[in-house]
Amino acid sequence: MVGSIEVMSRNSYTNGNIQNGNCLEEKLDELRGLLGKVDGDPLRIVGVGAGAWGSVFATLLQDNYGHFREKVQIRIWRRPGRAVDRATAEHLFEVINSREDVLRRLIRRCAYLKYVEARLGDRTLYADEILKDGFCLNMIETPLCPLKVVTNLQEAVWDADIVVNGLPSTETREVFEEINHYWKERITVPIIISLAKGIEAALHPVPHIITPTQMINRATGIPIENILYLGGPNIASEIYNKEYANARICGAEKWRKPLAKFLRQPHFIVWDNSDLVTHEVMGGLKNVYAIGAGMVAALTKESATSKSVYFAHCTSEMIFITHLLAEEPEKLAGPLLADTYVTLLKGRNAWYGQMLAKGEISRDMGDSISGKGMIQGVSAVGAFYELLSQSSLSVLHPGENKPVAPVELCPILKILYKILISREQSSQAILQALRDETLNDPRERIEIAQSHAFYRPSLLSQPRDVVMEKPINI
């Protein structure tokens, strides 16, 4: 039976499901009806990837709907074999013992002893093992409800009605190509909700961007109207702890409106929007500048003045870039700035920039950091730099009155590339860039973008005759 023996007891004090059960059941029945589900055939929802947001998303569904066991099954897939290191096991043990509800739950499930043994170094825990007990490896300090965890991808997805992509963009294509093998003989077409905020950029035959929903579409052949993106200015742990939050689900009207209703909760408001691709790209863009913000914060000891100077420059560059990517960029200003703001405050990319500037981590450690997961802003810097360096996208430089690649008007992006990708500079270089006396007023960059026809439709196009060379990951 799918779910956990603890679900009912948790629901009584987390999401108010017992009190609001009738409303929830009506929403579940409505979605089941749209998908043609009959009595005895549960709605099967599967999360693919168990990072912080993917795990919290699955847990929100489990908390809300998991007790309707005859009508819905909620599972999450993650790869097996990821060992939990000794330091993390010790910290996890402290978290468990600081939460009476978690402690009692583990004791009732006869699961507490293994955490004692891991704390003493007598046992190795694994990420899929602790996820079953409600602990996400990337978010140890926020215990979740227990989840049904599957480590065999074919078993997880072959009959799924709704698949939630919680993978980094750098892994999305590969995993969904494998999933496609298991869907060869499917009769029904699943719905896919992608949470991934990264993108890829390819340079041939013309410079263009590929988003996770496009990767999924190409890997599986699932119609784009059945693939949606959900994102917003959110921190996963805070959403689970019921901090008020909102998000947008973007895609075709056929599914985005009923799914927005299904996902909406009193503390998690879900709006819907038709602009799928652009919202995905903006989700990747803000990660670029979040790393730089972390560096500035660390190097200036949290100077509010220095951070505001950086914010002025980075937002002007983002506005400039959105004018290249979108026909109506003003519609993106609010969502983009909100997502950027929360990422600068508490996101993993800003944290990465801080740790890098403090010397507590190094680029040699790679982009996947223990306890944090994939830092997608690093590859984003490389990809946006390469994409905007293409002469075919040239714009007129206001001072020199000659055509230049767009990246020449993005000095923060250029210096981040030299720090993170080519490694020509240290983190200190970002302060030198901000203090450069020849740096243009960020207002001028915005005026340039607003007064010129910069929009390049090909950047977000989906050319069907494109033969992909090695993509640049974002």
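**View 1. Helices α13 and α14 are roughly antiparallel to each other in this predicted model.** Helix α13 covers residues 276-299, and helix α14 covers residues 304-325. They pack at an angle of about 160°. Angles over 145 degrees count as roughly antiparallel, hence the description of this pair. The axes lie 10 Å apart. The crossing of α13 past α14 is right-handed.

**View 2. Residues at the contact of α13 with α14.** From α13 come Val281, Met282, Leu285, Lys286, Tyr289, Gly292, Ala293, Val296 and Ala297. They meet Ser306, Lys307, Tyr310, Cys314, Glu317, Met318, Ile321, Thr322 and Leu325 of α14. Sorted by class, this contact has 12 nonpolar, 3 polar and 3 charged residues.

**View 3. Glutamate 302, in the loop between α13 and α14.** Its phi is positive, about 65°, although glutamate 302 is not a glycine. Relative accessibility is 41%, so glutamate 302 counts as partly exposed.

**View 4. The annotated span, residues 275-429.** UniProt, in an unreviewed entry, places the feature "domain: Glycerol-3-phosphate dehydrogenase NAD-dependent C-terminal" here. The span is 61% helix and 5% strand. Its end C-alpha atoms lie 37 Å apart.

**View 5. Arginine 423, in the loop between α18 and α19.** Helix α18 covers 411-420, and helix α19 covers 429-434. Arginine 423 is not a glycine, yet its phi is positive, at about 60°. The residue has a relative accessible area of 41% and is therefore partly exposed.

**View 6. A cis peptide bond between histidine 204 and proline 205.** Omega is about 0° at this bond. Proline 205 sits in the loop between strands β6 (200-202) and β7 (208-210).

**View 7. Helices α4 and α6 cross at roughly 135°.** Helix α4 spans residues 86-98, and helix α6 spans residues 112-119. Their axes come within 8 Å. Helix α4 passes α6 in a left-handed crossing.

**View 8. Residues at the contact of α4 with α6.** Helix α4 contributes Arg86, Ala89, Glu90, Leu92, Phe93, Ile96 and Asn97. Helix α6 contributes Tyr112, Tyr115, Val116, Ala118 and Arg119. By class, the contact has 8 nonpolar, 1 polar and 3 charged residues.

Methods:
Residues are numbered from 1 along each chain as its sequence is written. This is a predicted model: local features need pLDDT of at least 70, side-chain atom pairs count only at pLDDT 80 or more; totals for chains, interfaces and linings use all residues. Side-chain values use heavy atoms; hydrogens and water are left out. UniProt positions are given in the numbering used here, feature names are shortened, and annotations may be inferred rather than shown by experiment. Helices (H or I, at least four residues) and strands (E, at least two) are DSSP runs, numbered from the N terminus. Axes are lines fitted to C-alpha atoms, for helices over the stretch in contact, and angles run from 0 to 180 degrees between N-to-C directions. Angles under 35 degrees count as roughly parallel, over 145 as roughly antiparallel, 65 to 115 as roughly perpendicular and the rest as oblique. A crossing is left-handed if the near helix is turned anticlockwise from the far one by less than a right angle, and right-handed if clockwise. Contact means heavy atoms within 4.5 Å. Ala, Val, Leu, Ile, Met, Phe, Trp, Tyr, Cys and Pro count as nonpolar, Asp, Glu, Lys and Arg as charged, and the others, Gly among them, as polar. Buried means under 20% relative accessible area, exposed over 50%, partly exposed in between (1.4 Å probe, protein chains only).
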